[in-house]
Amino acid sequence: MCPFPDVTDKLPAEMKRKEPAGLPELSEAEIVRHYVRLSQMNHGVDLGPYLLGSCTMKYNPKINETIARFPKFVNIHPKQPDATVQGSLELLYRLQEALKAISGFDATSLHPAAGAHGEFTALKVFKAYHKKNGQGQRTEIIIPDSAHGTNPASSILAGFSTLEIISGEDGLIDIEALKGALSDKTAGIMITNPNTIGVFEKDIVEICKLVHEAGGLVYLDGANLNGIMGVVLPSEMGFDVMHANLHKTFASPHGGGGPGSGAIMVTKELEPFLPAPVVKYDEAKDYYYQEYDLPDAIDAVHSYYGNFGVCLRALAYIYRLGGDGIREACENAVLNANYLMHRFLELDGIEVPRAEGVPRKHEFIASPVPLKEETGISAMEIAKAMLDYQIHCPTVYFPLIVPEALMVEPTEIESKISLDYVADVMAEIVRIAREDPEKLHKAPFRTAISKVDDVTANRSPVLSWKMMED
Ligand SMILES: *Cc1c(COP(=O)(O)O)cnc(C)c1O
């Protein structure tokens, strides 16, 4: 007999539905078609090139998803005793070790849930370090004008003030400007290397030395790790801490604010300040455990040990490629960016300003300023037009130091055929800009929704949808 008796008869009449719930009744086939179609109305990295610079939108191997969904990972509880989750702790420990090997640093925290969160966590570590050393007056973070917007935002949230320094003509840090900014108030500097125009800061060793001599610490915004991983060790450039966007560099689906991981790696000097718990290994007992007893640790920034599923995907990706594969991925990403940059430079009306002629790392900034002056077509209109060719547009209007910026990052996953296609599309858009600019003002045409009003979408987003309108 059914153990759950039907109680609808016992419900008071006024609580009962007058009419059946207005749910659509659809067959499985109809539902599958509906969702497959919806998935194709949006552009994803599984559908075509995704040039969104700084975001490293690379292919996310499906095996990562399979592994992250293993029931033995999905069904554990963070409060389980360490003895019952040895395998999961071992994987977190191995990821810490892998990130140490790739970065050259001494210790890792997997807690931060995004790059920006890694910045915030590291800045809290800076604060604790200075306080411990009787340097509590160090309240200022220096940030180049080419930095990602999260850098100043994280600094302010962590209780610092910020001091912006202007980049040199070549887009690199201006050493004299840096010297002028350093003082006994300097807590540290945040540097992106390769920087946001895709160029390696050639004076990085000297820059780190100057900041250290002034008593400050040096933070590496490691979002661009794809351009140097396996080739150089960030620790050897002189940085004290870095974050890696595991969801970018190490292939987890991201965007739209979903779960990420902004793991930070630090030197021995900063290790005591990492948030608890840190996953440790007792070799004598062959036992993995979470160390909570860390007297100098900063306050928690995330529950337990971070976003476990993203950590699993990152480890699967790193192990699948191995040390040589990581280096090869980086080299191919750099080769692809430089090839595409040269094809863009063949186009009349498109420039790649700042550090002209200097090879890029994993990305480059194209600027259609001459084309805009001639035809009125802006970076945004070029970006929108690309969608009609099944290409996700580059990042636009960032970094701010390049006018009409189109920040292009093809990543290592694109073939030469695919890169040539992108370049040919760009050439066609440039041609249309001259022949029929009106058309580009209205593009895209082939997408599910044509030109959206970006400002309204940003300021008053509509985030819910009613199934049945009255
Ligand atoms: C993506 C990015 C960040 C922030 O990372 P999130 O994971 O999006 O918080 C910071 N700096 C740079 C250069 C980035 O590209």
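Lys and Arg count here as positive and Asp and Glu as negative, while His and the chain ends are not counted. On that basis the protein chain has 44 positive and 64 negative charges, and their mean positions are 4 Å apart. The structure is a predicted model.

**Whole chain**

Start with the protein chain in cartoon view. There are 15 helices and 12 strands. Along the principal axes, the C-alpha atoms fill a box of roughly 80 × 70 × 45 Å. The radius of gyration is 25 Å, which agrees with the value near 23 Å that a compact globule of 470 residues would have.

Switch to a surface view. The protein chain exposes about 23,500 Å², and carbon and sulfur atoms supply 56% of that area. Of the 470 residues, 49% are buried. Taking contacts between residues at least 6 apart in sequence, 70% join residues at least 24 apart.

**Salt bridges**

Show the side chains of Lys, Arg, Asp and Glu. A search of the whole structure finds 23 salt bridges.

Select Glu 65 and Arg 69. The two form a salt bridge, with the closest N and O atoms 2.7 Å apart. Glu 65 is buried, at a relative accessible area of 15%, because the cut-off for buried is under 20%. Arg 69 is exposed, at 53%.

Go to Asp 282 and Lys 285. Their closest N and O atoms are 3.9 Å apart, and the pair forms a salt bridge; the limit for a salt bridge is 4 Å. Lys 285 is exposed, with a relative accessible area of 63%, and Asp 282 is partly exposed, with 21%.

Next, select Arg 434 and Glu 374. This salt bridge has its closest N and O atoms 2.6 Å apart. Arg 434 belongs to helix H13 (residues 416–435) and Glu 374 to helix H11 (residues 369–375), so the pair ties together parts that are 60 residues apart in sequence. Arg 434 is partly exposed, with a relative accessible area of 32%.

Finally, select Arg 343, Glu 346, Lys 416, Asp 420 and Asp 424 together. These residues are linked in a network of salt bridges.

Gly 222 sits in the loop between strand E5 (217–221) and strand E6 (241–243). With 2% relative accessibility, Gly 222 counts as buried. Which residues is Gly 222 in contact with, leaving aside neighbours within four places in sequence? They are Met 242, His 243, Ala 244 and Asn 245. For a distance check, draw a line from Gly 222 to Thr 150: the C-alpha atoms are 12 Å apart in space, and the residues are 72 apart in sequence.

Move to Ser 88, in helix H4 (residues 86–103). Ser 88 counts as buried, at 10% relative accessibility. Not counting residues up to four places away in sequence, Ser 88 touches Phe 73, Ile 76 and Phe 308.

Then pick Met 41, in helix H1 (residues 28–41). Met 41 is partly exposed, with a relative accessible area of 47%. A line from Met 41 to Ala 379 runs 23 Å, C-alpha to C-alpha, between residues 338 apart in sequence.

**Backbone details**

Hide the side chains and look at the backbone. From H1, follow the chain into the loop between H1 and helix H2 (62–68), and stop at Thr 56. Is Thr 56 buried or exposed? Thr 56 is buried, with a relative accessible area of 0%. Phi of Thr 56 is positive, about 45°, although this residue is not a glycine.

A second residue with this feature is Tyr 397, other than glycine and with a positive phi near 60°. Tyr 397 lies in the loop between E11 and E12 and is partly exposed, with a relative accessible area of 32%.

Stay in this loop, which runs between strand E11 (395–396) and strand E12 (406–408) and also holds Pro 399. The peptide bond from Phe 398 to Pro 399 is cis, with omega near -5°.

For the last stop, select Ala 443 and Pro 444. The peptide bond joining them is cis, with omega near 5°. Pro 444 is in the loop between helix H14 (437–442) and helix H15 (454–459).

Conventions:
Residues are numbered from 1 along each chain as its sequence is written. Side-chain values use heavy atoms; hydrogens and water are left out. Helices (H or I, at least four residues) and strands (E, at least two) are DSSP runs, numbered from the N terminus. The radius of gyration is taken over C-alpha atoms; the globule rule is 2.2 Å times the number of residues to the power 0.38. Buried means under 20% relative accessible area, exposed over 50%, partly exposed in between (1.4 Å probe, protein chains only). Contact means heavy atoms within 4.5 Å. Accessible areas come from the Shrake-Rupley method with a 1.4 Å probe; for residues, only the protein chains shown count as cover. The place of a charge is taken as NZ of Lys, CZ of Arg, CG of Asp or CD of Glu.
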